[in-house]
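Here's a quick briefing to read with the viewer open.

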Amino acid sequence: TTAEEWRVFNRSRVYMADLESSLYYSLRVEVGTHITISGEPLSALKAYITVLVKYFPGRPVVMKLLHSLESWLKSHDDPELKYTALERVLDNEVQTPDAALPNAERWVSCQGSKPCFRGYPCSVWTLFHLLTVQAAHSTYTPAPDPLEVLQAILRYIKHFFSCSYCAKHFEDMVAGSMSQVDSLPSSVLWLWSKHNIVNERLAGDASEDPKFPKVLWPPPDLCPQCHDELKGKHDWKMDRILEFLKVYFSPDRILQDYLE
Ligand code: FAD
């Protein structure tokens with residue numbers, strides 16, 4: 001992104017343009033690097049699409065495409081899938097009415113001060129948090145399995161996330177601890193806390209955008225009520241964080257600016 005193209009945005013809001021761009025990048029670029037997909041990566045891809053269909057609060061046109069992709073994957077029982085075949089569904093060559101996926105990336109709140117910073121990794125974190133929050137507030141009966149979204153995320157990262165070093169690091173970090181998640185609210189907080197561990201590790205790293213320094217999130221200016229002090233030490237107010245995340249990632253607060 002050059003200085004002229006900079007899109008003015010509100011740092012305390014989620015933008016649909018970033019979320020749709022994360023879908024573009026994950027499905028067309030990351031999944032697209034696999035000529036064929038089979039075995040565990042194929043079932044990981046199916047699980048990822050299923051949670052997107054269930055919990056992504058997308059525009060109707062995007063949701064129709066995701067539904068069409070899910071049905072196509074379900075009906076496809078060959079043990080091996082060619083990406084070129086999947087791509088035809090992404091391009092809606094199957095002609096589902098009023099269905100489309102974005103065919104370009106457009107970063108808004110995930111813009112970096114240089115092209116090497118932010119963008120996709122920022123948007124995919126946003127997407128993942130949104131999915132955990134939506135699952136926790138879904139009206140499905142019976143209530144979703146608290147691990148459904150987290151497992152889909154972890155399997156996606158393991159098999160498709162293009163930063164394989166990041167994927168390995170993440171897998172090692174979370175190994176074992178997911179079994180402590182026993183409720184939908186704890187799945188939301190689990191991902192929030194893991195992301196903060198990553199933020200802490202990467203603060204000051206060469207990958208950090210100097211215009212967007214890594215902080216323990218949400219910082220006090222965004223959520224004063226989330227912070228407390230206990231015996232002179234910083235303490236998070238978990239119930240307030242849950243409330244904050246519910247509002248921050250609520251579908252009706254997602255801004256629709258800069259969409260095509
Ligand atoms: P991000 O950390 O990408 O966050 C995006 C947005 O999410 C923030 O702007 C903020 O609004 C919100 N947010 C921040 N923290 C939280 C939180 N705790 N809970 C909820 N929302 C939050 N990069 C590396 O260089 N090395 C790695 O090992 C590495 N591992 C990664 C592992 C995973 C699974 C992922 C998805 C990414 C990884 N990355 C890694 C990328 C890195 O975490 C950042 O995504 C990237 O540096 C861009 O940072 P950012 O400033 O845009 O904010």
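Two strands count as paired if DSSP finds at least two bridges between them. Helices (H or I, at least four residues) and strands (E, at least two) are DSSP runs, numbered from the N terminus. Keep in mind that this is a predicted model: local features need pLDDT of at least 70, side-chain atom pairs count only at pLDDT 80 or more, and totals for chains, interfaces and linings use all residues. Residues are numbered from 1 along each chain as its sequence is written.

**The hairpin**
- Strand S3 (residues 227-230) runs antiparallel to strand S4 (residues 233-236), and the two pair over 4 bridges.
- His 227 has Trp 236 in S4 as its bridge partner.
- S3 and S4 make a hairpin with 2 residues between them, and Lys 231 in the turn has a positive phi of about 50°.

**Around the ligand**
- There are 23 residues around the ligand, and Pro 121, Cys 122, Cys 166, His 195 and Trp 217 come nearest; a residue is near if its C-beta atom, placed from the backbone, lies within 6 Å.
- Helix H5 (120-136), helix H7 (164-174) and helix H8 (184-202) are the elements that each give two or more residues to this shell.
- By class, the shell splits into 13 nonpolar, 7 polar and 3 charged residues. Here Ala, Val, Leu, Ile, Met, Phe, Trp, Tyr, Cys and Pro count as nonpolar, Asp, Glu, Lys and Arg as charged, and the others, Gly among them, as polar.

**Two domains**
- The chain is assigned domain 1 (3-90) and domain 2 (120-252), with bounds from an automatic or database domain assignment.
- Their C-alpha centres sit 20 Å apart.
- Domain 1 puts 19 residues into the contact and domain 2 puts in 23 residues, where contact means C-beta atoms, placed from the backbone, within 7 Å.
- On the domain 1 side, helix H1 (16-30) and helix H2 (39-55) are the elements giving two or more residues.

**The core**
- The largest nonpolar core has 59 residues, of which Tyr 48, Leu 131, Val 149, Ile 153 and Tyr 156 touch the most other members.
- Such a core is a set of buried Ala, Val, Leu, Ile, Met, Phe, Trp, Tyr and Cys residues joined through C-beta atoms within 7 Å.
- H5 is the top contributor to this core, with 10 residues.
- Both domain 1 (3-90) and domain 2 (120-252) supply at least three residues each to this core.

**Thr 50**
- Thr 50 belongs to helix H2.
- Thr 50 counts as partly exposed because it has 17 C-beta neighbours inside 10 Å; buried takes 20 or more other C-beta atoms within 10 Å, exposed 12 or fewer, and partly exposed is in between, with C-beta atoms placed from the backbone.

Conventions
Two residues are in contact if their C-beta atoms, placed from the backbone, lie within 7 Å.
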